[in-house]
Amino acid sequence: MLYSYNSNILGLYDAECIVGNPWFEGPSKECIWCRDVHKFEILNDTTDQDLITNYLREARPMVFQGLAKKVTFDDLRQLYRNNKDVLDTAAVFQSNVPGMKNIEDLFIDEIDEDFLYKDKTTIHWTTKNIPSSQVMRKLFPRPSFIPSESEVALDKVVFVDGHKSGHYEVTTVRFEMGYYMQLSSSRKVIVTPSRHCREVCSPMHTLMNEGDIMTYNPLVWRAVMMPNVDNMLSIGYLGSYSFAGLKQDEINPEDQPPSSHDWEKKE
(Lines give C-alpha, C1' and ligand atoms only; values in the text may rest on other atoms or scores of the structure.)
Protein backbone atom coordinates (compact mmCIF):
# COMPACT_ATOMS: atom_id res chain seq x y z
CA MET A 1 0.00 0.00 0.00
CA LEU A 2 1.36 3.40 -0.96
CA TYR A 3 1.06 6.50 1.17
CA SER A 4 1.55 10.16 0.42
CA TYR A 5 3.80 12.07 2.78
CA ASN A 6 3.98 15.65 3.91
CA SER A 7 7.02 17.30 2.34
CA ASN A 8 7.98 18.93 5.65
CA ILE A 9 11.05 16.89 6.66
CA LEU A 10 11.54 18.67 9.98
CA GLY A 11 9.32 16.06 11.61
CA LEU A 12 11.87 13.40 10.69
CA TYR A 13 14.66 15.10 12.65
CA ASP A 14 14.39 12.70 15.59
CA ALA A 15 13.70 9.59 13.51
CA GLU A 16 16.11 6.71 13.95
CA CYS A 17 15.99 5.57 10.35
CA ILE A 18 13.83 6.45 7.36
CA VAL A 19 14.26 3.11 5.59
CA GLY A 20 14.33 -0.10 7.60
CA ASN A 21 17.31 -2.44 7.19
CA PRO A 22 16.01 -5.99 6.54
CA TRP A 23 19.39 -7.50 7.46
CA PHE A 24 19.62 -5.81 10.83
CA GLU A 25 18.52 -7.67 13.94
CA GLY A 26 19.04 -6.35 17.41
CA PRO A 27 20.83 -8.26 20.12
CA SER A 28 19.01 -11.23 21.66
CA LYS A 29 16.60 -10.34 24.44
CA GLU A 30 15.75 -12.37 27.51
CA CYS A 31 12.43 -14.15 27.05
CA ILE A 32 11.59 -14.56 30.72
CA TRP A 33 8.97 -11.81 30.51
CA CYS A 34 6.79 -13.59 27.95
CA ARG A 35 7.34 -17.35 28.25
CA ASP A 36 4.62 -17.81 30.92
CA VAL A 37 2.20 -15.16 29.61
CA HIS A 38 -0.77 -16.56 27.68
CA LYS A 39 -3.43 -13.84 27.93
CA PHE A 40 -3.95 -10.13 28.36
CA GLU A 41 -4.54 -8.85 31.86
CA ILE A 42 -7.95 -7.15 31.74
CA LEU A 43 -8.64 -4.40 34.27
CA ASN A 44 -11.77 -2.31 34.79
CA ASP A 45 -10.15 0.53 36.72
CA THR A 46 -6.84 1.82 38.04
CA THR A 47 -7.51 1.61 41.78
CA ASP A 48 -5.08 -1.25 42.49
CA GLN A 49 -1.82 0.53 41.74
CA ASP A 50 0.28 -2.23 43.35
CA LEU A 51 -1.19 -4.81 40.98
CA ILE A 52 -0.69 -2.54 37.97
CA THR A 53 2.92 -1.83 38.93
CA ASN A 54 3.58 -5.53 39.33
CA TYR A 55 2.16 -6.26 35.87
CA LEU A 56 4.31 -3.47 34.42
CA ARG A 57 7.39 -4.91 36.11
CA GLU A 58 6.58 -8.30 34.55
CA ALA A 59 6.04 -6.74 31.08
CA ARG A 60 2.52 -8.19 30.93
CA PRO A 61 0.24 -6.68 28.26
CA MET A 62 -2.77 -5.07 29.90
CA VAL A 63 -6.07 -3.68 28.66
CA PHE A 64 -7.93 -1.12 30.77
CA GLN A 65 -11.57 -1.31 29.77
CA GLY A 66 -13.51 1.92 29.28
CA LEU A 67 -10.76 4.13 30.69
CA ALA A 68 -10.67 6.66 27.80
CA LYS A 69 -13.37 9.00 26.52
CA LYS A 70 -14.79 8.54 23.03
CA VAL A 71 -13.19 10.71 20.33
CA THR A 72 -15.03 11.41 17.06
CA PHE A 73 -13.78 12.74 13.76
CA ASP A 74 -15.53 16.04 14.54
CA ASP A 75 -13.47 16.20 17.76
CA LEU A 76 -10.29 15.80 15.71
CA ARG A 77 -11.43 18.46 13.26
CA GLN A 78 -12.17 20.91 16.09
CA LEU A 79 -8.78 20.27 17.70
CA TYR A 80 -7.04 20.89 14.39
CA ARG A 81 -8.95 24.07 13.54
CA ASN A 82 -8.34 25.52 16.98
CA ASN A 83 -4.60 24.79 16.73
CA LYS A 84 -3.97 24.91 13.01
CA ASP A 85 -0.78 26.98 13.17
CA VAL A 86 0.88 24.45 15.48
CA LEU A 87 -0.31 21.23 13.85
CA ASP A 88 0.28 22.28 10.23
CA THR A 89 4.02 22.48 10.83
CA ALA A 90 4.32 19.58 13.27
CA ALA A 91 2.42 16.68 11.71
CA VAL A 92 4.09 13.96 9.65
CA PHE A 93 1.13 12.82 7.56
CA GLN A 94 0.42 9.52 5.79
CA SER A 95 -2.70 8.72 3.78
CA ASN A 96 -3.87 6.35 1.07
CA VAL A 97 -6.72 8.68 0.05
CA PRO A 98 -6.12 10.12 -3.44
CA GLY A 99 -5.38 13.85 -3.28
CA MET A 100 -5.04 13.92 0.52
CA LYS A 101 -1.45 15.02 0.97
CA ASN A 102 -1.38 16.73 4.36
CA ILE A 103 -3.32 17.25 7.56
CA GLU A 104 -5.06 20.34 6.17
CA ASP A 105 -6.57 18.21 3.38
CA LEU A 106 -8.00 15.82 5.98
CA PHE A 107 -10.04 18.50 7.69
CA ILE A 108 -11.60 20.39 4.80
CA ASP A 109 -15.39 20.78 4.97
CA GLU A 110 -16.03 18.14 2.32
CA ILE A 111 -14.46 15.37 4.42
CA ASP A 112 -16.60 13.65 7.06
CA GLU A 113 -16.85 10.28 8.78
CA ASP A 114 -19.00 8.76 6.02
CA PHE A 115 -16.38 9.71 3.41
CA LEU A 116 -13.54 8.27 5.46
CA TYR A 117 -15.41 5.07 6.30
CA LYS A 118 -15.24 3.89 2.70
CA ASP A 119 -13.29 0.70 2.04
CA LYS A 120 -9.64 0.56 3.09
CA THR A 121 -9.09 4.20 4.06
CA THR A 122 -5.96 4.47 6.23
CA ILE A 123 -4.65 7.74 7.66
CA HIS A 124 -1.88 8.11 10.25
CA TRP A 125 -0.40 11.36 11.50
CA THR A 126 2.43 11.85 13.96
CA THR A 127 3.38 14.84 16.08
CA LYS A 128 6.84 15.01 17.65
CA ASN A 129 7.56 18.36 19.28
CA ILE A 130 6.67 20.19 22.49
CA PRO A 131 4.02 22.64 21.15
CA SER A 132 2.13 19.90 19.30
CA SER A 133 2.38 17.56 22.28
CA GLN A 134 0.75 20.20 24.46
CA VAL A 135 -2.05 20.53 21.92
CA MET A 136 -2.62 16.77 21.72
CA ARG A 137 -3.00 16.52 25.50
CA LYS A 138 -6.20 18.57 25.25
CA LEU A 139 -7.97 15.69 23.52
CA PHE A 140 -5.76 12.78 24.59
CA PRO A 141 -4.84 13.22 28.27
CA ARG A 142 -2.20 11.16 30.04
CA PRO A 143 -3.73 7.78 31.03
CA SER A 144 -4.22 7.50 34.76
CA PHE A 145 -2.44 4.14 35.10
CA ILE A 146 0.93 5.61 34.05
CA PRO A 147 3.16 5.92 37.14
CA SER A 148 3.59 9.48 38.36
CA GLU A 149 7.38 9.26 38.04
CA SER A 150 7.19 8.21 34.38
CA GLU A 151 7.77 10.64 31.52
CA VAL A 152 5.52 10.62 28.47
CA ALA A 153 7.26 10.82 25.09
CA LEU A 154 6.63 13.71 22.73
CA ASP A 155 5.81 11.34 19.85
CA LYS A 156 2.05 10.93 19.41
CA VAL A 157 0.31 9.05 16.57
CA VAL A 158 -3.36 9.29 15.52
CA PHE A 159 -4.82 6.43 13.46
CA VAL A 160 -7.96 6.92 11.35
CA ASP A 161 -9.10 3.75 9.59
CA GLY A 162 -12.09 3.03 7.39
CA HIS A 163 -13.85 -0.24 6.68
CA LYS A 164 -11.54 -3.17 5.83
CA SER A 165 -8.43 -1.05 6.33
CA GLY A 166 -5.20 -3.03 6.27
CA HIS A 167 -3.52 -4.44 9.35
CA TYR A 168 -0.37 -2.72 10.61
CA GLU A 169 2.14 -2.84 13.44
CA VAL A 170 2.18 0.12 15.79
CA THR A 171 5.88 0.91 16.00
CA THR A 172 6.44 4.57 16.86
CA VAL A 173 7.29 3.86 20.50
CA ARG A 174 10.13 5.96 21.93
CA PHE A 175 10.10 4.99 25.58
CA GLU A 176 10.14 1.64 27.39
CA MET A 177 6.33 1.19 27.50
CA GLY A 178 3.80 1.79 24.75
CA TYR A 179 0.09 2.50 25.09
CA TYR A 180 -2.64 2.37 22.44
CA MET A 181 -6.09 3.93 22.95
CA GLN A 182 -9.12 2.71 20.97
CA LEU A 183 -11.26 5.83 20.91
CA SER A 184 -13.93 5.11 18.31
CA SER A 185 -15.24 1.74 17.09
CA SER A 186 -13.68 -1.58 18.18
CA ARG A 187 -10.55 -3.30 16.93
CA LYS A 188 -8.88 -6.68 17.29
CA VAL A 189 -5.24 -6.45 18.37
CA ILE A 190 -2.64 -9.21 18.23
CA VAL A 191 0.55 -9.08 20.25
CA THR A 192 3.36 -11.38 19.17
CA PRO A 193 6.64 -12.00 20.99
CA SER A 194 9.80 -10.42 19.63
CA ARG A 195 11.52 -12.47 16.95
CA HIS A 196 14.12 -13.72 19.42
CA CYS A 197 11.47 -15.19 21.72
CA ARG A 198 9.09 -16.92 19.33
CA GLU A 199 10.40 -20.37 20.19
CA VAL A 200 9.31 -20.07 23.81
CA CYS A 201 6.53 -17.44 23.80
CA SER A 202 3.09 -17.42 22.18
CA PRO A 203 1.05 -14.71 20.43
CA MET A 204 -2.15 -13.42 22.03
CA HIS A 205 -5.11 -11.43 20.83
CA THR A 206 -8.02 -9.49 22.28
CA LEU A 207 -10.84 -7.24 21.12
CA MET A 208 -10.41 -3.62 22.11
CA ASN A 209 -13.72 -1.83 22.45
CA GLU A 210 -14.33 1.89 22.36
CA GLY A 211 -12.64 3.53 25.36
CA ASP A 212 -10.17 0.69 26.00
CA ILE A 213 -6.44 1.35 26.50
CA MET A 214 -3.73 -1.26 25.98
CA THR A 215 -0.24 -0.97 27.44
CA TYR A 216 2.67 -3.25 26.58
CA ASN A 217 6.46 -3.45 26.52
CA PRO A 218 7.72 -3.18 22.90
CA LEU A 219 11.02 -4.80 23.86
CA VAL A 220 9.10 -8.02 24.51
CA TRP A 221 5.92 -7.70 22.41
CA ARG A 222 4.97 -6.44 18.95
CA ALA A 223 1.44 -5.01 18.65
CA VAL A 224 -0.51 -5.40 15.39
CA MET A 225 -3.89 -3.79 14.75
CA MET A 226 -6.10 -5.96 12.60
CA PRO A 227 -8.40 -4.60 9.83
CA ASN A 228 -11.37 -2.51 10.90
CA VAL A 229 -14.43 -4.73 10.38
CA ASP A 230 -16.78 -2.62 12.49
CA ASN A 231 -19.56 -0.54 10.97
CA MET A 232 -18.00 2.80 11.89
CA LEU A 233 -14.77 4.76 11.52
CA SER A 234 -11.96 3.58 13.78
CA ILE A 235 -9.90 6.19 15.64
CA GLY A 236 -6.86 5.16 17.68
CA TYR A 237 -3.99 6.90 19.43
CA LEU A 238 -0.46 5.74 20.29
CA GLY A 239 1.97 7.08 22.86
CA SER A 240 4.72 5.81 25.14
CA TYR A 241 6.16 6.40 28.59
CA SER A 242 9.30 5.65 30.54
CA PHE A 243 9.48 2.73 32.94
CA ALA A 244 12.66 1.32 34.45
CA GLY A 245 11.29 -1.30 36.82
CA LEU A 246 11.42 -4.66 35.03
CA LYS A 247 11.89 -7.34 37.68
CA GLN A 248 14.08 -10.46 37.68
CA ASP A 249 17.24 -10.23 35.53
CA GLU A 250 17.40 -6.66 34.34
CA ILE A 251 17.89 -6.05 30.62
CA ASN A 252 21.32 -4.77 29.65
CA PRO A 253 21.40 -1.11 28.56
CA GLU A 254 22.57 -2.17 25.09
CA ASP A 255 19.32 -4.12 24.66
CA GLN A 256 17.04 -1.24 25.57
CA PRO A 257 14.83 0.33 22.89
CA PRO A 258 15.21 4.08 22.24
CA SER A 259 14.18 5.71 25.50
CA SER A 260 14.32 8.89 27.52
CA HIS A 261 18.10 9.08 27.09
CA ASP A 262 17.50 9.94 23.41
CA TRP A 263 15.65 13.14 24.28
CA GLU A 264 16.92 16.44 25.54
CA LYS A 265 13.42 17.79 26.07
CA LYS A 266 10.47 15.77 27.28
CA GLU A 267 6.85 16.34 28.00
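**Exercise 1.** In this predicted model, a search of the whole structure finds nine aromatic pairs. Classify the pair formed by the rings of Phe 107 and Trp 125, and state where each residue lies.

*Solution.* 
1. A pair of aromatic rings is described by the distance of the centres and the angle of the planes.
2. For Phe 107 and Trp 125, the centres are 6.5 Å apart and the planes stand at 85°. Planes over 60 degrees apart count as edge-to-face, so the pair is edge-to-face.
3. Phe 107 belongs to the loop between helix H4 (103-106) and helix H5 (113-116), whereas Trp 125 belongs to strand S5 (residues 122-127). The two residues are 18 residues apart, and their pair links distant parts of the chain.
4. Phe 107 has 3% relative accessibility and counts as buried; Trp 125, at 1%, also counts as buried.

**Exercise 2.** Describe the aromatic pair of Phe 140 and Tyr 237.

*Solution.* 
1. The centre-to-centre distance is 4.0 Å and the angle between the planes is 10°, a stacked arrangement.
2. Phe 140 is in the loop between helix H6 (130-139) and strand S6 (156-161), and Tyr 237 is in strand S13, so the pair ties together parts 97 residues apart in sequence.
3. Phe 140 and Tyr 237 are both buried.

**Exercise 3.** Determine how strand S8 (residues 177-184) is placed and which bridge partners Met 181 and Tyr 179 have.

*Solution.* 
1. Eight of the eight residues of S8 are buried, so the strand is largely enclosed by the rest of the structure.
2. S8 pairs with strand S13 (residues 234-241) in the antiparallel sense over seven bridges; Met 181 has Tyr 237 as its partner there.
3. S8 also pairs with strand S11 (residues 213-216), antiparallel over four bridges, and Tyr 179 has Thr 215 as its partner in S11.

Conventions:
Residues numbered from 1 in each chain as written. Predicted model: local features only at pLDDT ≥ 70, side-chain atom pairs only at ≥ 80, totals over all residues. Heavy atoms only, no water. Buried < 20%, exposed > 50% of the residue type's maximum accessible area, 1.4 Å probe, protein only. Pairing = 2+ DSSP bridges. Phe/Tyr/Trp six-rings, centres within 6.5 Å; stacked < 30°, edge-to-face > 60°.
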